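Please look over the sequence and the model below before reading on. The report is meant for someone meeting this structure for the first time.

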Amino acid sequence: NILRGMRNYRDLEIYVEARRLAIEVHIMSLTLPKFELYETGSQIRRSSKSVTAMIVEGYARRRYKLDFIKYLIYAIAECDETIVHIDVIYDTHSLTNSELYLDLKTGYVALAKKINKYTQWVEKEYKWVPS
């Protein structure tokens, strides 16, 4: 069991990556123009942090396999929402750093794929083992 040696959700690679990206998005969002800071900036901060929160909530419910899967799917949806916000602020020229744009977008696409792969593993292989 892949989770057996884990002490908590912080040991999950998808959690570590989601948290890292959320911090990058938070920092980037604070550099947006004032008219974007509170609207789109707030939305992208919330969706990026929700990826991390959904992973944590799913892990906390890992005893119930279907709940675990449900929250992992929510995490993928939050990745997709974050990508939409990244695209919009870049396409509207609120985010002008093309390297940062590509890094964030690539990071969230890769993270969604990792969460999806992990979800597939949970669907096929995961068995609850009390610690």
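The sections below take up the nonpolar core, the aromatic pairs and one serine of this predicted model.

## The nonpolar core

The largest nonpolar core has 35 residues, and within this core the residues that touch the most other members are Val51, Ile55, Tyr108, Leu111 and Ile115. Two or more residues come from each of the elements α1 (13–29), α3 (40–60), α4 (65–91) and α5 (98–125), and among these contributions that of α4, with 10 residues, is the most.

If its neighbours within four places in sequence are left aside, isoleucine 115 is in contact with Ile14, Val51, Ile55, Leu72, Ala75, Ile76 and Cys79.

## Aromatic pairs

The structure holds 7 aromatic pairs, and two of them are described here. In an edge-to-face arrangement, phenylalanine 68 and tyrosine 118 are 6.1 Å apart from centre to centre, with 75° between the planes. Because phenylalanine 68 belongs to helix α4 and tyrosine 118 to helix α5, this pair ties together parts that are 50 residues apart in sequence. Phenylalanine 68 counts as buried, since its relative accessibility is 0%, and tyrosine 118, with a relative accessible area of 10%, is buried as well.

The pair formed by tyrosine 90 and tyrosine 101 is stacked, with 3.9 Å from centre to centre and 5° between the planes. Here too the partners lie in helix α4 and helix α5, tyrosine 90 in the former and tyrosine 101 in the latter, so the pair ties together parts that are 11 residues apart in sequence. Tyrosine 90, at 24% relative accessibility, counts as partly exposed, whereas tyrosine 101 is buried, with a relative accessible area of 10%.

## An aromatic cluster

Phenylalanine 68 and tyrosine 118 also belong to one aromatic cluster, which is formed by Phe68, Tyr118, Trp121 and Tyr126.

## Serine 29

With its neighbours within four places in sequence left aside, serine 29 is in contact with Leu37, Gly41, Ile44 and Arg45.

Technical notes
Residues numbered from 1 in each chain as written. Predicted model: local features only at pLDDT ≥ 70, side-chain atom pairs only at ≥ 80, totals over all residues. Heavy atoms only, no water. Core = buried A, V, L, I, M, F, W, Y, C linked by side-chain atoms within 4.5 Å. Buried < 20%, exposed > 50% of the residue type's maximum accessible area, 1.4 Å probe, protein only. Helix = DSSP H or I, 4+ residues; strand = E, 2+ residues; numbered from the N terminus. Contact = heavy atoms within 4.5 Å. Phe/Tyr/Trp six-rings, centres within 6.5 Å; stacked < 30°, edge-to-face > 60°.
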